Each structure stands twice: as C-alpha cells, then as structure tokens.
Amino acid sequence: MKKHLSPDPFKNTRATSGCAHMDDQNDPVTMILRLKDVRKTAHNWKTFQSGATPGRIVIPSEVKIRDTRQIPFEVDPPLHGSFRALLDPWFKRPLEADYKAKLSTQIKALVENVLKADKVETVAEFSLCLQSHALTLLLNTDGSEADTWIGWGTHVFRSEHDPLDGNKAALLYDYIDAQIKSAAINPRHDLYSVLLAAQVDGKKLTFDEIKGIMILTFAGGRDTVINAVTNTIAYFAENPESLVRLRNEPEIIGRAIEELIRYFAPLTQMGRVATEDTQVCEHAIAADSRVSLCWASANRDESVFESPDEVILDRKLNPHVSFGFSHHNCLGATHARQIMRILIDTLIEKVSSIDILDCEENIETLGEFSRKVGFHRLNVKFNPR
Amino acid sequence: MAKITFITQDNIPVTVEGESGSVMALAVDNNIAGIDGDCGGVCSCATCHVHVAKDQFSLVGEASEIEKDMLELDDSTDDYSRLCCQIDITDELDGLVLTVAG
C-alpha cells in the first residue's frame, strides 16, 4: 500500500449502523459516523453540550489531567459567542498581508534548509518546526519562543508510552501561567496581553479564562497542524505529478487544500455530552453520556462525496467537516489554511520531488476501529528544482 | 459583465462588477462585510450565505442537495437562501441584488 494513504476504517459500520461504540477510561462514547448526523448533532448545542466537565468532550478524555476549561471550545452559547466575538478578529490576522509575508519567510527558510539535508525526519524536523514558528506569529510573540515549544516534542499531552501524561501537560500549564504573569507585569503586543486588557460581556477575563484560551491555542493547533503538514508531504512524495499540476494550475490550490484536509482529517473526532435522553440515527443516547462527532468518518460519507477515498485535488463540492461544524468551528482554521497555502506555494517553487526513505505510521485505536491519523516517523529526502 | 448589489448587515448597498468566477470570490475581492468565504468556495463553511431578491431567484436557481444540506442548519435560512460560492457570475446576473445573511 502506498504510504500516504489513509484508509477509511468506518466504511461498513457507517453504512450499516451509522453509529459505533467505544470505551474511553470507563466513560463510553457513541461515535456518530454519517455526515448529516454529525452536522445536526454539532449544531444542536442545547442537547449535545460542550460545556461539560473540563476535558470530558475530548477523546481520550483529559478529565484526569486538567481542571482548566478550554475557551471557547468548552463553553456553550450564548457565552461562547461572546468569546468568539473577542477572539475571531485576532485569529483572522493570517489573512493580512504582513502576516502572510512573515509566514512565507519562515516556511521558505525551513524548506531551503531541508533541501540541503540527505535525510529529514518530517514530523520532528519539519512539521513541528513549521508549526511552532508559525505559532509565534499567531500569538504575536518573540520568534525565539518556538525553540522552547520544539523542545517539548511533538505532543503536548502525550509521552512515548502514555497517551495522557499529566507531567507533560503540566509543562505547558506552568509555561502558560508564567507567560500570563509576565505579560501582566510588562504588557506586550502578544495574545496574552490582548486578553489581559480585554473584556467579555463587560467583564475582564479571569486568570483561568485567559489560561483556558491559551491552552486551547497551544493544544488545538499542535498535533492537528503536524498531522496535516506531514500527511501532505507524504502525499506529494508519492504523487509528484500533483506538484506539477498545482504549479501549472495555481487557481486550484484553494480546492486542493480543502481536499487534502478532508481526506486526511487531522483530528479524528470530538465529543459532546448529552443534556437529556435523546437519540441519533435511531440509536438511544442517555442523558450525561458522551457522543463523538467523527469528522474522519463523515468526510468519507459516500452518500455525499463522490469517490470519497480518492484525493481529487480540484474537488468542487467538498462539504467536509475537518474544521468542525456550526458554532464550534475551528478557531485556528484561518491560520491552518494559510500554513497549507504557503507550504504548497513554497513546495511548488522550490521542490521537484520528495523521496520517502522509511516511516512508522501513527495508528489510533478507537474501539473496534484502527485509524491512521499520520506518522510517528517519516524520513524523506527533499529534492530541489 | 454583471453588476451585482450586496446589501450588507448594516443595510448598506454596495454594487460591484464581475466577469467570471463565483459571486463569493467577487464579494471577498471587494471586501463585502459578512461574506468571508473561509473555505475558498467548496461549500464547506457556509460563510457566504445570501438571500436572493425574491423576484430574481429564478436567475440563480435552486441550490444543489449538498448546498441545501448546508443551509438547512443555518438559523437565518429562508426560501431564497443561497451560498454564493455556488453561484457563477454570468451576464444574466446583471442587476442581481443579494442581501448578506445575518
């Protein structure tokens, strides 16, 4: 099998049942697999809430490793909307020319650097570096902070043998605590300082609210961006004709980005907690039990997508849910899309081909399913144009 | 060439001209408030929702099933809603009036 491929493990169950069940630390989850059901459930925030116990809507659950509520992600309307009104303009900055120019400088330097090497481990030496440097722009913080974040490794909450490593999570929390305190003493032009000066619904944000926003910004955009970038490199390695096509047809790059993000679905699923006894797709859902919105399955729903298991770079109708759906759509989507745009622009300009040398897949186990979400290791050689 | 008028959420009419491409791209290029077009026009984000003037709806026609599914879960959808990333600019659209959905 080609190494870039991401098989769809949900196909049969999606068609026959529409839902599946998995355990997660004795807090079971009903996985919702069809696109329409995922969308309807995501939209129905009154019955399927995000504002449950902090960490509970994440799968695997983070209830045991954090008490801080991630904001606005773990808040329901109407307060959710007030936080988004504050944050959306900041998180749309990647559309600004100055931001794009700085991101382009970063990514070009990184690509030029890897072109000099005989072997590059994409996850740690490319994707993590790209993601960390780009995050300094999103936070508008000093560029040297990226070195600290790169030093944490590829996962914020995971160590090699523990998917939920409390000690590693504490590293991030302690760092954020120190940054907020520092910005409070000496205000800067970064996101910490903006949040310290901001109000939501006429009230200043508490320390824990600021911390919750910052944790979300760090954690939500880390594995996801790393997976998107690494999978994209693997795709272009095994489909060199696609690089040529995008070079010749730059007008389809926007569609190609959406298609790669649909196909690879960097975040497999996200949970909700039912506020009442209800049902989804004729499956009973008990009050205070968890469901998951399985983005990765919904993106392959054959009742909506033609040839869902193929990457069709110029796919015109592509109602994917890789960035979520409805109120809680991804706050960092503009940043992620800009990263993908500039990455592809740079690869087109500077890279002729990419050779995969060896790799180790990152397989998630989700009840009865095993899903490849990316790579633990992807050694490649970038060849210049 | 088609002149298309967008009525923004502040009730301000803005008339712009386009030759080709999608109506969403025309709106984004002209900074029409309330039309974001986050997904670039593949019917994934629903940030280009407009209400077509009732007597002009036949000019743009019915939405596809996929587009209708997207609109179904938008609280401000009515019988004349469209996602304007799915409307291609043609000469026939000259004079079209679109109200940006709230």
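**Close-up views of a predicted two-chain model**

**View 1. A:Ser193 and its surroundings.** The side chain of A:Ser193 comes to 2.8 Å from the backbone nitrogen of A:Arg188, a polar contact (a pair of N or O atoms within 3.5 Å; within protein, one must be able to donate a hydrogen and the other to accept it, and residues adjacent in sequence count only if both atoms are side-chain atoms). This is a predicted model, in which local features need pLDDT of at least 70 and side-chain atom pairs count only at pLDDT 80 or more, while totals for chains, interfaces and linings use all residues. Residues are numbered from 1 along each chain as its sequence is written, chains are lettered from A and ligands numbered from 1 in the order in which they are written, and side-chain values use heavy atoms, with hydrogens and water left out. You will find A:Ser193 in helix 8 (residues 191-197) of chain A; helices (H or I, at least four residues) and strands (E, at least two) are DSSP runs, numbered from the N terminus. A:Ser193 counts as buried because its relative accessibility is 9%, buried being under 20% relative accessible area (1.4 Å probe, protein chains only). Leaving aside residues up to four places away in sequence, A:Ser193 touches A:Ala183, A:Pro187 and A:Arg188, where contact means heavy atoms within 4.5 Å.

**View 2. Helix 12 of chain A.** This helix covers residues 253-264 and reaches 16 Å from its first C-alpha to its last, close to the 16 Å expected at 1.5 Å a residue (the expected span is 1.5 Å times one less than the number of residues). Ten of its twelve residues are buried, so helix 12 is largely enclosed by the rest of the structure. Among the buried ones are A:Ile257, A:Glu258, A:Arg262 and A:Phe264. The partners of the buried residues are helix 10 (223-238), helix 11 (240-248), helix 14 (333-350) and strand 12 (369-384) of chain A. Just past helix 12, look for A:Ala265, with a positive phi of about 35°.

**View 3. Where chain B meets chain A.** Here 16 residues of chain B are in contact with 16 residues of chain A. B:Val42, B:Ile66 and B:Leu73 supply 40% of the area that chain B buries against chain A, more than any other three residues; buried area is the accessible area (1.4 Å probe) that two parts lose on being put together, summed over both.

**View 4. A salt bridge across the interface.** B:Asp69 pairs with A:Lys36, their closest N and O atoms lying 3.4 Å apart. A salt bridge is a side-chain nitrogen of Lys or Arg within 4 Å of a carboxyl oxygen of Asp or Glu, and the rule finds three across this interface.

Key:
Buried < 20%, exposed > 50% of the residue type's maximum accessible area, 1.4 Å probe, protein only.
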